[in-house]
Amino acid sequence: MDWTGKVVLITGASSGIGRGLALKLARRGAKLGLIARRNELLQEIAGEISAENKNAGVLSMPVDVQDANAMRAAGLRLSSTFGRVDVLIANAGTGVTNSGAEFDAARLSAVINVNVIGAANSVAAVLPEMLARGKGQLVVISSLAAYRGLPKSAAYCASKAGVSAMFESLRLDLGPRGIDVTIIHPGFIKTALTAGRKARLPWLMEVDEAAKKILGAIEKRKKSYAFPWQLAALVRLGMIMPNSMYDWLSRRNSLRE
Ligand SMILES: NC(=O)c1ccc[n+]([C@@H]2O[C@H](COP(=O)([O-])OP(=O)(O)OC[C@H]3O[C@@H](n4cnc5c(N)ncnc54)[C@H](OP(=O)(O)O)[C@@H]3O)[C@@H](O)[C@H]2O)c1
């Protein structure tokens, strides 16, 4: 796939995976709309991109993905600046660690609002124009945590299972309308989200390598892509395990301290 001139909207572009994807896509000639709340970081990335290539097209838009109106306005601004939006990468996300014994519905709601409603707002920001053109690709950065419940991760697992199911439904409906949907399920990546975790994070991957793999899956228009393969294989094994065995193994190998 040739990214030259492709217009890509990336949410959660101020750090981690989103930042890594933005820098790589800019080098490949894509025009970018960058969304996150921390404008100073977006400006820094836009500056870095422009310093590498004076003709790079990059638009920083400090928006909270929870704000549906602001997201729609950002989608329209990007398409009016560069003519269209070819690809959405709904990457903005957050997580909390807390034991079920300290279950807090308000905290769960806050995670769902970013990881699910924020992704829905991101789709709504670009979908009408994609439907009108009969062309486009919607990508979501979900997680391997979408497949089964993990210890101390009720909010995160619920949000990722929800967003994966949402995009899978969209894939069924939108494929015949010319819009591809790609669901990415990463394992552990070295970002602010995993920083400071004391638990052992198996097959922890650098952002650069993860971004390379994610772009490869987008280019191939994969329906779903889980990586690294070793952890993805274990997660798939977990899906066919009897519940009693799954519970025993998961409790022994909690990935959150
Ligand atoms: N790191 C991992 O191991 C891992 C594994 C699987 C999946 N993921 C997923 O990958 C995605 C990116 O996470 P990351 O690991 O790169 O962590 P990160 O460095 O913390 O990045 C999160 C990004 O989301 C943005 N964001 C958070 N809340 C937002 C909001 N309300 N509105 C707009 N932007 C918001 C943040 O920007 P601002 O704070 O500036 O708004 C930041 O740019 C997430 O969806 C995460 O669940 C990560």
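How far from an oxygen atom of the ligand does a polar side-chain atom of Y156 lie?

1. The separation for Y156 is 2.6 Å. This is a polar contact, that is, a pair of N or O atoms within 3.5 Å. The protein covers 95% of the 880 Å² of accessible area that the ligand has on its own, with areas taken from the Shrake-Rupley method with a 1.4 Å probe.

2. The model is predicted: local features need pLDDT of at least 70, side-chain atom pairs count only at pLDDT 80 or more, and totals for chains, interfaces and linings use all residues. Residues are numbered from 1 along each chain as its sequence is written, and side-chain values use heavy atoms, with hydrogens and water left out.

3. R37 places a polar side-chain atom 2.7 Å from a ligand oxygen atom. For G187, a polar backbone atom is 3.4 Å from an oxygen atom of the ligand.

4. Around the ligand there are 30 residues (a heavy atom within 4 Å). S14, R37, Y156, I189 and T191 come nearest. Helices α1 (16-27) and α5 (154-174) each supply at least two residues of this shell; helices are DSSP runs of H or I with at least four residues, strands runs of E with at least two.

5. S143 is located in the loop between strand β5 (136-141) and α5. S143 counts as buried (under 20% relative accessible area) because its value is 8%. A polar atom of its side chain lies 2.8 Å from the backbone nitrogen of A145. Leaving aside residues up to four places away in sequence, S143 touches Y156, K160, I184, H185 and P186, where contact means heavy atoms within 4.5 Å.

Notes: A polar contact is a pair of N or O atoms within 3.5 Å; within protein, one must be able to donate a hydrogen and the other to accept it, and residues adjacent in sequence count only if both atoms are side-chain atoms. Buried means under 20% relative accessible area, exposed over 50%, partly exposed in between (1.4 Å probe, protein chains only).
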